[in-house]
Amino acid sequence: MPLEDGIRRLTLPLPTGPKHVHCYLADGTLFDTGLGLGQAPWESLDVERIAITHFHPDHVGGAQAAAAVTGAPVFQGGLDYAQCERVWGSTHWPERMAAWFIGHGVPNDVADDLIEQGHAFARFIRYALDPELLYEGSEVGGWAVVELPGHADGHLGFLRDGVLIAGDHLLQTISPAVGLYPESRPDPLGDYLASLERTIELAPRVVYPGHGEPIDDAAGRARELIEHHHRRLEDTAAALTSDARTAYEISLAVFGAELGPTQRRFAVAETLSHLERLVLDGRAAREGDGGTVTYTGP
């Protein structure tokens, strides 16, 4: 689909979640590559380089195939690629992730579902090995690289002439997931709030996101998301008591009890990012880092 600014949007299917992901092509640069399901249209496109916003499967999973078909080099954030290697480069990441969730109170059946789903999806995730690494201040295809951590630790945006290719940093109708996971930065919510403030300062005139429609008021949407997370922090703080509770238990109070296994894991990870922000603010205390982790109010 042609957009303004000489950009073409390519929408690829996903089996779960939002059911689609957008990739963008601009002057020979392909931004993101989808999950790698089915036949992507790479052979019909003039792709000179591939740039990845972040390492989540629906954005990086098709990178190896896209590079093989087009012959284009792949560019990816340095921190983001390191996480790719630690997670998707490991054959036992589902078990490692499940054990971490169990340590935060998640029932075994919910963790077992993660292991089953993880191994089912693993064969589709084919990121490109040894990409050209990008950092804040890098440039690729005439686009300035902007580090926007939060949704993913190494999330990048690409900025040119007031246009921001934003991956999942900013979405129009949903709040991007901001969760705490093993081996990640310790304060993803703090990272995300800072990235939203930076978006307000950059004030791009249009944002092209990984899901949904373009965003014409980036600063306004960033302010809405900041307010959303401040409310979520208050809800999380209200769920704390003097009795020790796991992140799973607190997620039941904040998100309700009627969630399937996948959505429950997202809820627990999101709860954890807010709990850790409260710990840093002195509004919560954490115990049991060597076993089951629990939280209490001040």
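Mentor: Start with a crossing: that of α7 and α8 is right-handed. A crossing is left-handed if the near helix is turned anticlockwise from the far one by less than a right angle, and right-handed if clockwise. Helices (H or I, at least four residues) and strands (E, at least two) are DSSP runs, numbered from the N terminus.

Trainee: What should I know about the model first?

Mentor: This is a predicted model: local features need pLDDT of at least 70, side-chain atom pairs count only at pLDDT 80 or more, and totals for chains, interfaces and linings use all residues. Residues are numbered from 1 along each chain as its sequence is written, and side-chain values use heavy atoms, with hydrogens and water left out.

Trainee: At what angle do α7 and α8 pack?

Mentor: Axes are lines fitted to C-alpha atoms, for helices over the stretch in contact, and angles run from 0 to 180 degrees between N-to-C directions. Helix α7 (residues 218-238) and helix α8 (residues 247-255) pack at about 120 degrees, with axes 9 Å apart. That makes α7 oblique to α8. Angles under 35 degrees count as roughly parallel, over 145 as roughly antiparallel, 65 to 115 as roughly perpendicular and the rest as oblique.

Trainee: Which residues in α7 and α8 meet?

Mentor: Contact means heavy atoms within 4.5 Å. From α7 come R232, D235 and T236; from α8 come I250, V254 and F255.

Trainee: How do α6 and α7 cross?

Mentor: Helix α6 (residues 188-202) and α7 have axes that come within 8 Å and cross at roughly 155 degrees. The two are therefore roughly antiparallel. Their crossing is left-handed.

Trainee: How are two aromatic rings described?

Mentor: By the distance of the centres and the angle of the planes. Rings of Phe, Tyr and Trp (its six-membered ring) pair if their centres lie within 6.5 Å; planes under 30 degrees apart count as stacked, over 60 as edge-to-face and the rest as tilted. This structure holds 9 aromatic pairs. The ring centres of W100 and F101 are 5.2 Å apart and their planes are at 75 degrees, so the pair is edge-to-face.

Trainee: Is W100 buried or exposed?

Mentor: Buried means under 20% relative accessible area, exposed over 50%, partly exposed in between (1.4 Å probe, protein chains only). W100 has 17%, so W100 is buried. F101 is at 2%, and counts as buried.

Trainee: And where is P298?

Mentor: P298 lies in the segment after β13 (294-296). P298 is exposed, at 88% relative accessible area.
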